[in-house]
Amino acid sequence: MVNEPEIVDVVVVGGGGAGLAAAVSAAQNRASVCVLEKQDRVGGSTNLSVGSFSASGTRFQARKGIQDRPEDYAEDMVKFDSKLLTGDAPAMRLLLARESAETLHWLESVGVAFTGPFLEPPHRLARMHNVIPNSRAYTARLQTTARRLGARIITGAKDTELITEGERVVGVRAAVDGEKREYRARFNDAERRLRRQRLRRALAAWLIIAVATGACILGVRWVLGQ
Ligand SMILES: Cc1cc2nc3c(=O)[nH]c(=O)nc-3n(C[C@H](O)[C@H](O)[C@H](O)COP(=O)(O)OP(=O)(O)OC[C@H]3O[C@@H](n4cnc5c(N)ncnc54)[C@H](O)[C@@H]3O)c2cc1C
């Protein structure tokens with residue numbers, strides 16, 4: 001038997017680094033979020049990793065006078081062992097490189113600390129930023145932030161399956177505490193709310209510019225009138 005579905009804006013399946021980052025980002029944008037993790041604790045392979053974060057254009061590089069470009073970073077990635085490049089997608093590589101510095105700075109904003117950058121050949125420049133004290137810091141800080149922002153993190157969620165309506169995925173079914181439960185995503189509403197939020201910001205910016213321009217014109221007329 002399936003209980004009443006829980007309805008949230010965003011359902012995230014998997015509480016590793018990627019899932020928790022998605023949860024925090026959605027919650028920061030005022031979406032209600034639910035994370036379903038099949039293990040008894042979050043962390044996944046992120047907690048087993050070394051935790052190095054390669055990025056270009058970071059404040060750490062700037063502090064050492066290193067001038068870097070995402071395009072060069074994307075180019076250097078190809079120089080690693082070609083066997084690792086199965087399914088290489090140049091556009092994704094460039095996207096990763098372009099977003100790398102902002103992502104690292106965003107991680108810092110939620111409390112993840114880094115040291116570096118260090119050289120990591122075949123990278124031509126020092127781009128390797130290492131998390132302090134170890135990779136568990138990613139999921140620990142992200143989990144704390146996600147909870148603080150109101151996200152629900154459910155561990156021990158087994159046998160997850162997608163709920164579809166036509167071709168659309170609308171939620172997830174999972175066994176939690178021995179009971180089948182449904183988590184429905186209200187993503188259309190969330191998307192609409194984000195669009196409204198952006199429109200409000202654009203209108204506010206336009207209003208500020210209009211008022212400032214008006215004040216300047218009045219000021220100039222007043223000075224000329226003296
Ligand atoms: C030894 C090692 C060292 C590494 N070192 C680095 C490094 O220095 N730098 C680097 O950039 N990368 C490194 N990596 C790679 C990096 O760790 C991974 O790419 C990254 O952690 C993947 O994050 P993720 O969130 O996608 O997956 P994970 O962190 O594995 O998270 C996935 C989560 O989803 C859960 N899950 C899966 N299926 C379901 C389901 N059906 N229902 C519910 N939950 C589910 C899992 O239990 C898990 O918790 C390393 C990897 C290893 C193994």
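Where is Pro133 found? Pro133 sits in the loop between strand 6 and helix 5 (136–148), with helices (H or I, at least four residues) and strands (E, at least two) taken as DSSP runs and numbered from the N terminus.

First, some ground rules. This is a predicted model, where local features need pLDDT of at least 70 and side-chain atom pairs count only at pLDDT 80 or more, while totals for chains, interfaces and linings use all residues. Residue numbers start from 1 along each chain as its sequence is written.

Zooming out, the protein chain has six helices and ten strands. Its radius of gyration is 23 Å, well over the 17 Å that the globule rule gives for 226 residues, so the chain is more spread out than a compact globule. Here the radius is taken over C-alpha atoms, and the rule is 2.2 Å times the number of residues to the power 0.38. The C-alpha trace spans about 80 × 50 × 35 Å along its principal axes. Buried residues account for 28% of the 226 in the protein chain. For burial, count the other C-beta atoms, placed from the backbone, within 10 Å of a residue's own: 20 or more is buried, 12 or fewer is exposed, and in between is partly exposed. As for contacts (C-beta atoms, placed from the backbone, within 7 Å), take those with a separation of 6 or more: 64% of them link residues 24 or more positions apart.

Now for the sheet that leads up to our proline. Three strands make an open sheet in the order 4-6-5, with antiparallel pairing. Strand 4 and strand 5 are the edge strands, each pairing on one side only. On average, neighbouring strands here are turned by 30° against each other, direction ignored; the axes behind that angle are lines fitted to C-alpha atoms, for helices over the stretch in contact, and angles run from 0 to 180 degrees between N-to-C directions. Strands of a sheet pair through backbone hydrogen bonds, either parallel or antiparallel. Pairing in this model requires at least two bridges found by DSSP. Strand 4 (residues 52–54) is joined to strand 6 by three bridges, and Phe53 has His129 as its bridge partner in strand 6. Strand 5 (residues 113–118) pairs with strand 6 over four bridges, and Phe114 stands opposite Val131.

In a regular strand the side chains alternate between the two faces of the sheet.

Thr58 lies in the loop between strand 4 and helix 2 (59–63). Why does Thr58 count as buried? Because 25 other C-beta atoms lie within 10 Å of Thr58. Leaving out residues up to four places away in sequence, Thr58 touches Ala101, Leu104, Pro117 and His129. The C-alpha atoms of Thr58 and His105 are separated by 7.6 Å, though the two are 47 residues apart along the chain.

Next, the backbone geometry. Most residues other than glycine have a negative phi, and most peptide bonds are trans. Back at Pro133, the peptide bond from Ile132 is cis, with omega near -5°. Another cis peptide bond joins Pro121 and Pro122, with omega about 10°, and Pro122 is in the loop between strand 5 and strand 6. Then there is phi: Arg30, in the loop between helix 1 and strand 3 (33–36), has a positive value near 65°. Arg30 is partly exposed, because it has 13 C-beta neighbours inside 10 Å. Asp159, in strand 8 (residues 158–165), also has a positive phi, near 50°. With 10 C-beta neighbours inside 10 Å, Asp159 is exposed.

Finally, the ligand. Its shell holds 21 residues, of which Gly14, Gly16, Gly44, Ser49 and Val50 come nearest; a residue is near if its C-beta atom, placed from the backbone, lies within 6 Å. Helix 1 (residues 17–28) gives the largest share of this shell, three residues. By class, the shell has six nonpolar, 13 polar and two charged residues, where Ala, Val, Leu, Ile, Met, Phe, Trp, Tyr, Cys and Pro count as nonpolar, Asp, Glu, Lys and Arg as charged, and the others, Gly among them, as polar.

Technical notes: Contact = placed C-beta atoms within 7 Å.
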